[in-house]
Amino acid sequence: MNSNYTLSDYPLWTALVTPFDDNNHVDFATLESLVNAQQAAGNGILLLGSTGEGLALSQIEQREIVDFVCNLSPSVPLMVAVGGCDLALQLEWVNYCNNKPIDAFLLGSPLYAKPGNVGLTHWFKTLLDASDVPCMLYNVPGRSAVSISPNVIENLSSHPNLWALKEASGDIATFESFRKASPDLAIFSGDDGLMPYFAQAGATGLVSVAANAWPKQTAEFVHRSLAGTFPNLFTTWTDAVNSLFSVANPIPVKVLMHLQGQLSTPRLRPPLTHLELTDTTFIKTANSTILSWS
């Protein structure tokens with residue numbers, strides 16, 4: 001880790017999109033621009049999460065992206081996602097990244113298998129044991145088809161590499177149950193629109209989709225949420241953010257970033273396609289709203 005900062009200095013992490021060119025290759029020139037924009041806003045960067053379409057990329061592409069961004073030596077911390085359903089492959093990925101200048105891992109629940117508490121505890125403990133850096137667990141039952149229970153968090157709470165939890169179930173009661181299970185665990189909202197409410201419940205910060213399109217504005221929003229100020233802006237923000245989830249993420253945010261000129265094309269990897277979003281009125285309105293209030 002860069003000795004000039006600690007992870008606790010970063011309440012906002014941007015789940016960075018992966019830009020593609022018209023030939024469906026990773027657009028590294030644009031990727032550098034996106035990293036620079038997040039760095040300028042002072043946001044931590046998460047690579048290869050669901051917003052980054054990590055599981056739609058080959059292992060070679062994943063390695064190339066991590067290598068490329070690490071070689072840029074950004075002044076903000078880097079987190080890399082670990083996701084899938086093959087534990088041996090995930091361990092291989094963790095070991096690869098351990099040799100890179102990254103600062104944290106995001107550990108997702110195994111997909112498709114729907115393990116119980118014993119299986120989830122084993123999965124996460126194995127990855128935590130293998131990691132050389134702090135780890136954030138990712139509770140997103142809408143994508144993984146299984147929820148991390150408070151019992152799993154209790155089982156792992158004493159692990160030295162367990163740093164944080166990204167809570168994306170959309171349920172405040174679930175957030176509270178995690179707080180009780182491990183009072184010292186840093187819990188980040190995984191839902192942009194719920195950040196003000198999670199902040200009131202004790203959240204540490206946000207792992208954001210919206211910050212791709214609005215890096216500085218989202219950073220200010222997180223600051224205001226954590227400070228409990230400007231509550232009249234929260235409804236405005238939530239309405240705008242909801243436009244980014246009208247169809248599957250990251251379709252709307254990539255379309256918006258293309259309209260903004262940040263991406264040369266809104267291309268996504270199958271099975272996702274920008275053609276799902278037939279009406280861009282809402283994201284255009286949201287863009288005007290967010291750019292005007294901050």
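Guide: The lining of the second largest pocket counts 7 nonpolar, 6 polar and 4 charged residues by class. The model is a predicted one. This second largest pocket has a volume of about 250 Å³. In total, 17 residues line the second largest pocket, and Tyr138, Val140, Arg143, Gly190 and Phe245 are the closest to its centre.

Helix α5 (141-144) leads on to the largest pocket. There, α5 supplies at least two residues of the lining, as do α2, β3 (78-82), α3 and β4 (104-108). The largest pocket has a volume of about 690 Å³. Its lining runs to 36 residues. Nearest the centre of the largest pocket lie Gly54, Leu55, Gly83, Gly84 and Leu111. By class, the lining of the largest pocket splits into 17 nonpolar, 13 polar and 6 charged residues. Helix α3 gives the most to this lining, with 4 residues.

Now take α3 together with α2. Helix α2 covers residues 59-72, and helix α3 covers residues 87-98. Their axes come within 12 Å and cross at roughly 25 degrees. Angles under 35 degrees count as roughly parallel. The two helices, α2 and α3, are therefore roughly parallel to each other. The crossing of α2 past α3 is right-handed. On the α2 side, the contact is made by Gln59, Gln62, Arg63, Val66 and Asp67. On the α3 side, Leu89, Glu92, Trp93 and Tyr96 make the contact. By class, the contact of α2 with α3 holds 4 nonpolar, 2 polar and 3 charged residues.

A search of the whole structure turns up 1 cavity of 30 Å³ or more. About 30 Å³ of space lies in the largest cavity. Leu16, Val17, Thr18, Leu31, Leu47, Leu48 and Ile65 line the largest cavity. Of these lining residues, 6 are nonpolar, 1 is polar and none is charged.

Asn24 is not a glycine, yet Asn24 has a positive phi of about 70 degrees.

Another helix pair is α9 (residues 215-227) with α12 (residues 281-293). These two helices pack at an angle of about 65 degrees, with their axes 10 Å apart. Here α9 passes α12 in a left-handed crossing. Helix α9 brings Gln217, Phe221 and Arg224 to the contact, and α12 brings Ile290, Leu291 and Trp293. By class, the residues of the contact of α9 with α12 divide into 4 nonpolar, 1 polar and 1 charged.

Two cis peptide bonds complete the tour. Asn249 and Pro250 are joined by a cis peptide bond, with omega about 10 degrees. Pro250 sits in the loop between α10 (232-242) and α11 (251-260). Pro270 and Pro271 are also joined by a cis peptide bond, again with omega about 10 degrees. Pro271 is found in the loop between α11 and α12.

Conventions
Residues numbered from 1 in each chain as written. Predicted model: local features only at pLDDT ≥ 70, side-chain atom pairs only at ≥ 80, totals over all residues. Heavy atoms only, no water. Axes fitted to C-alpha atoms, helices over the stretch in contact; angles between N-to-C directions. Parallel < 35°, antiparallel > 145°, perpendicular 65-115°, else oblique. Left-handed = near helix turned anticlockwise from the far one by under 90°. Contact = heavy atoms within 4.5 Å. Nonpolar A, V, L, I, M, F, W, Y, C, P; charged D, E, K, R; others polar. 1 Å grid on protein atoms, 1.4 Å probe; cavity = no way out; pocket = protein on both sides within 12 Å on 5 of 7 lines; lining within 4 Å. Points joined across faces, edges and corners; volume = space filled by probe spheres on them.
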